[in-house]
Amino acid sequence: MEGMIALVEFIERYSNLFVLTGAGCSTDSGIPDYRDAAGEWKRQQPITYQRFVADEWARKRYWARSLVGFQRLQHARPNDAHRSLADLEHRGRVTQLVTQNVDGLHQAAGSQNVIDLHGRIDTVRCLGCGRRSSRHALQLELEQRNPDFAALDAGKAPDGDADLEHMAFGTFDVPPCARCGGLLKPDVVFFGEGVPPDRVQRAMDAIDLSDAMLVVGSSLMVYSGFRFVKAMADAGKPIAAINLGRTRADELLTLKIADRCATALRVFCQRPGGAPDKARPIAIRA
Ligand SMILES: [Zn+2]
């Protein structure tokens with residue numbers, strides 16, 4: 001309770017907030033995070049960009065899992081953390097929201113000034129010609145080409161993998177780019193791949209305009225997010241974080257709230273009926 005009052009005071013005191021969100025922001029929408037409270041991997045580490053490009057079997061396995069995971073992800077809805085951050089933006093309190101999530105739930109909740117640092121899972125990009133296309137359209141094609149996989153119920157297992165392990169990924173059929181025949185890849189930044197520099201620069205520019213930082217549901221273990229905390233700390237500006245486990249930046253924080261993001265932020269939600277969506281298991285890992 002003491003922490004909650006401190007969080008309210010922090011957010012009311014600083015009127016130009018730079019907000020960075022991570023997986024913990026979406027867990028109450030049923031999208032599992034990657035790391036446990038100690039910042040360690042909960043499951044197998046996600047596929048790297050290099051392996052996705054070089055290894056056809058690993059690529060088929062990725063798409064097979066993704067086919068099942070995306071069925072669920074399509075139905076995920078924003079929770080009170082997303083809604084509260086959108087409401088804070090509408091009150092003019094947020095200079096920039098930067099998210100490490102690829103689920104689009106901030107935009108679904110009404111946030112407009114969002115940098116999708118790691119891209120969006122609802123978009124596909126061709127590695128040959130660079131053409132971007134809809135993941136929803138590809139999903140339909142994957143389902144038609146792979147009816148056995150499409151029939152799996154990802155909800156049976158926490159990460160949807162139990163049934164998949166018995167299936168032969170080598171038979172999974174992924175179409176090439178309709179324009180150039182190139183490899184299709186989700187338009188998200190994989191491990192081993194850099195964040196596009198213009199996204200980083202836009203975020204850094206927003207840090208200059210902000211007087212404090214709020215980290216929501218990120219362990220900051222990945223440098224792509226940690227660098228913004230570092231820049232904020234170097235500028236001598238205060239940083240608050242809401243995260244259930246330890247973060248890489250704990251010693252840089254002005255305030256740390258060890259709570260669920262939706263619970264901690266609900267007080268800032270200004271719309272009625274803002275109860276959190278029922279958590280559903282979703283497999284979305286790479
Ligand atoms: Zn292409």
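Modeller: Let's start with the outward side of helix α6, where L140 and Q144 are exposed (exposed is over 50% relative accessible area, buried under 20%, partly exposed in between, with a 1.4 Å probe and protein chains only). This is a predicted model, in which local features need pLDDT of at least 70 and side-chain atom pairs count only at pLDDT 80 or more, while totals for chains, interfaces and linings use all residues. Residues are numbered from 1 along each chain as its sequence is written, and side-chain values use heavy atoms, with hydrogens and water left out.

The helix α6 covers residues 135-145, and R135, L138, Q139 and L142 are its buried members. Viewed down the axis of α6, these buried residues sit within an arc of 105°, so they line one face of the helix; the arc is taken from the directions from the helix axis to the C-beta atoms. An α-helix has 3.6 residues a turn, so residues three or four places apart point the same way. Helices here are DSSP runs (H or I, at least four residues), as are strands (E, at least two), numbered from the N terminus.

What does the buried face meet? The buried residues of α6 pack against α3 (56-73), β4 (119-126), β5 (132-134) and β6 (184-188), where contact means heavy atoms within 4.5 Å.

At the N-terminal end, S134 caps α6, with a side-chain oxygen 3.0 Å from the backbone nitrogen of H136; a polar contact is a pair of N or O atoms within 3.5 Å, where within protein one must be able to donate a hydrogen and the other to accept it, and residues adjacent in sequence count only if both atoms are side-chain atoms.
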